[in-house]
Amino acid sequence: MKRRTFLKLSAVGGAGAALAGCGHQAEQLIRFIPDETLIPGVATWKSGVCAQCSAGCGMQVRVMQGDAEVFRDGQFGVVKMGLAKKLAGNPDHPVSRGKLCVRGEAGLQVTFNPDRIKHPLKRTGLRGAGQFTQISWDEAVQELLAHLQPLAAPQAAVSLAFLTRPLGGQRGVLVERFLSGFDGARLVPFELFDDAVLRTANRRSFGYEQLPTFDLAHCSYVISFGADFLGTWNSPVAQSVGYGTLRQNRSGIRGKFVQVEPRMSQTGANADEWVAAHPGTEGLLALGIAHVLLKEHFGHAEATGSAGMQIDGWREGLPEYSPEAIAWKTGVAPETTTRLAHEIAAQSPALAVVGGAPLAHTNGMFTALAVNALNALLDSVGKPGGLQFTPRPPLSTSGSAQDISEEGKVDSIRTLAQQILSGQRPIELLLLYEANPVFATPPGWQVREALEKVPFIASFGTFIDETSRLADLILPDHSSLESWIDAAPESGAAEAVISVAPPAMRPLHDTRALPDLLLDLARRLGGRTRQALPWKSYEEMLQAALAPLAHHPGSVSAKDSDEFWKKVQEQGGWWSTDASLVPKAKAPADSSRPMKNQEPQFAGPAAEYPFYFLPYASQPFFDGRHANLPWMQEMPEVLSTGMWGTWVEINARTAATLQIEQGDLLEVASPNGKVRAPALLSPGIAPDVIAMPAGQGHEDYGRYASGRGANPIKILAPQVEPTTGSLAWAGTRVNITKVGKGELVLLTGGPTEWGAEKVTR
Amino acid sequence: MATTSIAPEYAIDIKPDQIRQDLLRPIFQTSRRFYVLVFFLVAIGLPGIFLYANQMSEGMGVAGITRPIFWGIYIANFVFWIGISHAGTLISAILRLVNATWRRPVTRCAEAITVFALAIGAQYPIIHLGRSWLFFWLMPYPSERGIWPNFRSPLCWDFFAISTYLTGSTAFLLLPIIPDWAVVRDRASGFRKRIYTILALGWRGTPREWHRLEVAMRIMAVAILPVAISVHTIVSWDFAMAPVPMWHSTVFGPYFVAGAIFSGIAALIVAMGILRKALHLEEYLKPSHFSNLGKLLLVMSLLWVYFIFAERLTVWYGNQPAEMAAFWSIQRGRFAGLFWTMVSCNFLIPFPILAIKKLRTITGTMIASSTVVVGMWLERFLIVVPPLEHKYLPYEWGTYHPSVTEIGIAIGTLCGMILLYVLFAKLVPIISIWELKGGQHKKPFAEQALSAASRSGVHLDSTLPSTNS
Amino acid sequence: MAHRWAMVIDLDRCTGCETCMAACHAENNIATVDAKQAARGRAMHWIHVERYWEGEFPNVRARFQPVLCQQCDAAPCEPVCPTYAAYHNEDGLNAQVYNRCIGTRYCANACPYTARYFNWWNPVWDKPLQLQLNPDVSVREAGIMEKCTFCNQRIVATEIQAKAENREVQDGEVKPACVQSCPTTAMVFGDLDDPNSQVSRLARSMRATTLLSELGTNPKVIYLERESSHGND
Amino acid sequence: MNNAQNEKTPGSSEGKEKTSADRFHRDWLVVSIAVVGLAVAATMWVSAARGMLEGQDSSPAAGAPAVSTPEQVPAVFTTARRSFFSAVQEYFGVQGTPVQPVQFNHSIHIKNGLQCAGCHSGVTQGPDAGIPSVSFCMACHQAIATDKPEIKKLTVYAVKGREPPWQPVFWFYPEVHVRFRHAPHIRNGIACEQCHGDLSKETVAVRSKELTMNFCLTCHKANAVSVDCVTCHY
């Protein structure tokens, strides 16, 4: 209610000020002369690229004229400017195909968010106290330069690290090149739900270190191991588009879809069959199915190439993985396994998908390899109706963030934290961009402590969050709608794609686009950095990068480079089915050492902590980055219908035995911490599993997210998947105790015992 | 008309002057108790107005109603008050028509209840509007937009029914007061005299006037009955016309009317009981009156039980999933407590009291009636809320908790009702003097008229029409 | 010329991704209420995906059903409105005229689908969030009933456009925000009067059904039942 | 079409007729006010108590002093009226007389052969006619009539890089929820003066016609255009 206390009178209704705009305060403000001419009330759709996640969907942005309250040369007033009103998918774009996901639609509220950082800030209070003061861009840039220059010197003893969300496309390249000017500079991409395990596994099995693309549209049978591919995983929009065709309007064919996971996800809810295998045993089940297939001579063990060879005993037909043998571990009845195998054999093309929780166990690599092997056995790789690997457009600059990793300049946040704390590598300066590891890493990794030891932190982020709160200097970036934006989708399309779009609207606040800022810094630094980044503006860089594409057959045909560039902008990117672009598989790495089955390791003794703990990527918030958008806060998570908070999902029967009722406040305790959240009874979760949506429980992330709900990541054990060192976020056990009554905000007021719920037709 | 003889237990053998003194006392002398009472009523009632103002300024959100329970206490109160309003006009009209002579001391306080309860009840549809200030769009009037109200809407019917009933019962109340005001006029002096001179509309008490009054009253009595019935039927149709589980029922019309008369009589008995004590009318409102009304109440109580049984049985037997949800929530869910309270208030408690002659004393009927009044409010509440909580799609169900605003406004209107009644009893002889005297002696009507007239100091020419004897 | 706008929702394609809900918020200036109000059931989602559990663990499945105003031909909400704020327009839409609404909320009671939403308060946007508001759609103040309009503003705009180019509105030319955004193309919008339109064809499907059909409201939102590849369900 | 025009000319008489119709309509508003009066008074107290009544009275045209700091602008956007006063104003549809920052002379421009759509360029393409930016005016006026006081005013704005705070003359209160689109009307040959009066006879534009719903309906009916509510109200 507080928000509306300043005035009340509803009497005689509304002030559509933005719309009619009569007699409203805005009318009495200074009116600046607009620097663009738009026809009032007429909408234009401009191309854009969705920056809500790394899928790189192509968008269209509906732009209309409106009155924006802005600061212009120190004065506050109103200016008529083009404003983004609505986002929609770009129909021509091979990834999004005219669609977006729920989080993508909400991208508008990032640009118009009241909590955006509106101008450069300098820390005044103690670090982490969140006291900042406004400074000018010149001051800000000067200050940053002062810290950069010493590091730019050759063989500088100390160095800098660039902590960022995984950057695709040219932004990634730009950052990488920027860092190349500093000796020992580290790029530290961080994302909670990263897919490092799957990438590495794909490299070992198929020779592509990237996420797969699924041709669901032509597939007849999909078995998915824990991958929430319709909701939050990989390229959800592209996969949803395919799923639509998987189900309907192929004459006579309706693809079957089986989901294997202990907690029913939004994706699982759509499955024809939902198999609740024990957490971490998905790989076993995959091999169990493979066992049956091999036994019944469906496909040949030899024909699977390196993918099969990754698995120990593959040639022998996986003797240890008979349905009976694995049944007691997976909790899946042998006949079920056998039946699934037979269904798969009967319906081709069939496809196995793995992602999410199964790979977030200590044995994630084994699971990934197992499912890859199954895919190879189903002969689904590179085939229609199977999985493919998106080709990379041949850009003049190197392609994307993944490629840098080979140059060994990349650290995980975990190693960085360790090195800082142990003093191995002195980090003088940390550059921070839209990554929030303080929120999204287990306390055991001591990220906060590490960052606090860094002498100087400069953040380019758009919002104050738990991590950027630690910054000494904040140079806010434009929003994705206000700046040149590009993406090179890693997956989601069978063809090579690069999405590029010019700014859809002018900046609302006194911010600067990160790429242009870095180019400016490079210019001022001179030397190697300057050579690495010769371009005057990011637009120039993009144009240069895409220049070679003009000579390829693709979505854009133009007579000269300028026209090409113009058309690319209009179209929102460039894509091509040109076969020559399809990359050759790299030599599969260490295929020599086949992998034996590994038991998943769980932190916490089973006796003391009887439940598997499963934090999951939330439908509205993903990993928590969208928790500051009011639309997302009020968007009910579809299965629980929960809004504005966190809850603990528990099997209704288990709850009954523990006398836990809907809405009871539960304390979820792991060996590494405790969180509290109300209980949500659900039939769609295994009796020995406790699940919590990630994304809430922010301490400091704007007015909508701060102090709301609980953060399940905070009780995770610092478990890692050994081969990649990425967080095994599903590898923790917990115990629950009832501590009172909680506040549960649900959209449905209906009964929670599912028996009573039936659509009355 | 043939004056009927009066059974002894109703006979009031008091000197005319005494009657006048008794009945006019409240008008001519004001006790301190009166001012205290008025003060408290205003003090308790005023917050209601502020809460309503606040509701208009902030939005309906201050009320407890929410999606999908879009109607709450407001509408419950509306139905309740309209129900109460059936006390007077209906009863007194019936009694007049059947010439139940014992009615005489009862009718006026009954009719007063009608008018005021209606006035109060009619506020609620406006209070519960999201944009009260546009309520007049319910009225048909020629506007430049050329838009008329939607005559298919039960709310529109409500508007006509209630306004008609209000006008009718007001006339029904005022007509027989005129002679009494004349009496007051003749006794009063100064300021008060001037007021009552206007109110008395120059009543002189000529036989023609008496005759006209008599005729008018009979016409009104006949005319008001169908109106009264229709009003509550239409109120019931507000619910029955909407396809909401347990609302969409044919029994609602008669069910509501019965309930209305039921609560009406109860309210009347309570009012009489209080007046009797407050204004020392022991001589006029005798146990027999209470006993008679008690019998009436008993009948209605039985009728009410019959209706609620019939209504709920059919729902239960029909066993439609959508309806059963609401049904069980009332029988054994959230609302079970309220439901069984209601049943005991409307039947279990009053029935024995009213059925056993020994218990049907003034106190007895008072107790019975007050429980009935409470019970009937609960009934209205249970009709409005539980079905809305359980509409067809289980996903959409919700729960309703009344807010301070709703309760405050409810209290406010209750005080308003009492206040109006108190003021009325202050300004008007709450028992019809002339009727009382009419019933007192076995005299041909015209002579009563003459005597009344002469007594009231009006000099008539001696040639009297020898009216029926 | 008059149309009979209708929507077909294929429950076999719907994945409960809720993109339609976000799209609707963006298009129709639907305000978010805060957590406190949402907890009281006052959240506004003109379209929302209803989830119904079926069966028990481990043989449990959830069914998703996007519910929006069903735009009934025989709409219970219309006759009960005393001011004609809710009425049936010539294109067969259940129109809601905000300026005519006095907030009796009778329509919302009468609606069996509870598809109507009431403005309990004046909507509030923290600046500059209001810059996103769609100028083609009114901002509804407190005391007014609102609901899905089938994106009437888009229908009007398209019709005006078609008239300007003096031609008929093409099938699939009008796309409400939810339809436009639906990743699985579970939703299709069009004219039932045109027998060849995609909605007409889909409406003739074996799987076609309507919500609460026994109430005889003749909804113009037609659901295609979810199929099942093997027995259960 | 034609008969519509016949009906609609000359503007003034039309205006009279309508306003009288309004009176009739408004009488009923008065009736209602009597009823809500008490509550309304209470509202004032309530709101006063909440300090709601501070610093407003903002009738559209009450050329209030320019506020120029964000503090003076509400931090949120809402449909709530700013004050009880403005609420009542809107209730009765009172639209004050706009006070323009620059006394723009329509008639001169029209006499010099300028077309309406020349400056109000949005009128043919979109819903809003739009008021041209000051820079548009200066295109001519840095040469033409630079000595005139009003033009001097204009120049000052232009130099400062400010738009004159033009006040709308023809406008609807938001609560009428009208989505009016100019372009279709123009396309169908509705002349500007049909709704805006003959500007060639006016210097500073005045609301020479009451754009009541009846005004719209009469023309819509006469031209057999849809009078469906949601054609305009949505």
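Me: In this predicted model, what makes the length of helix H11 of chain B close to the expected one?
Reply: Helix H11 (residues 252–278) of chain B has 27 residues and spans 38 Å from its first C-alpha to its last.

Me: Why is H11(B) called mostly covered?
Reply: A residue counts as buried if 20 or more other C-beta atoms lie within 10 Å of its own. Of the 27 residues of H11(B), 21 are buried. After the helix comes B:His280, with a positive phi near 50°.

Me: Why are H8(A) and H12(A) called roughly parallel?
Reply: Helix H8 (residues 282–295) and helix H12 (residues 364–377) of chain A pack at about 25°, their axes 8 Å apart. Angles under 35 degrees count as roughly parallel, so this pair qualifies. Their crossing is left-handed. Residues making the contact include A:Ala286 and A:Leu293 of H8(A) and A:Phe366 and A:Leu377 of H12(A). By class, the contact residues are 11 nonpolar, 2 polar and 1 charged.

Me: How do you know whether A:Leu680 is buried or exposed?
Reply: A:Leu680, in strand S24 (residues 673–682) of chain A, has 29 other C-beta atoms within 10 Å. Burial requires 20 or more, so A:Leu680 is buried. Beyond its neighbours within four places in sequence, its contacts include A:Trp647, A:Val648 and A:Leu744.

Conventions: Residues are numbered from 1 along each chain as its sequence is written. Chains are lettered from A and ligands numbered from 1 in the order in which they are written. This is a predicted model: local features need pLDDT of at least 70, side-chain atom pairs count only at pLDDT 80 or more; totals for chains, interfaces and linings use all residues. Axes are lines fitted to C-alpha atoms, for helices over the stretch in contact, and angles run from 0 to 180 degrees between N-to-C directions. Helices (H or I, at least four residues) and strands (E, at least two) are DSSP runs, numbered from the N terminus. Angles under 35 degrees count as roughly parallel, over 145 as roughly antiparallel, 65 to 115 as roughly perpendicular and the rest as oblique. A crossing is left-handed if the near helix is turned anticlockwise from the far one by less than a right angle, and right-handed if clockwise. Two residues are in contact if their C-beta atoms, placed from the backbone, lie within 7 Å. Ala, Val, Leu, Ile, Met, Phe, Trp, Tyr, Cys and Pro count as nonpolar, Asp, Glu, Lys and Arg as charged, and the others, Gly among them, as polar. The expected span of a helix is 1.5 Å times one less than its number of residues. A residue is buried if 20 or more other C-beta atoms lie within 10 Å of its own, exposed if 12 or fewer, and partly exposed in between; C-beta atoms are placed from the backbone.
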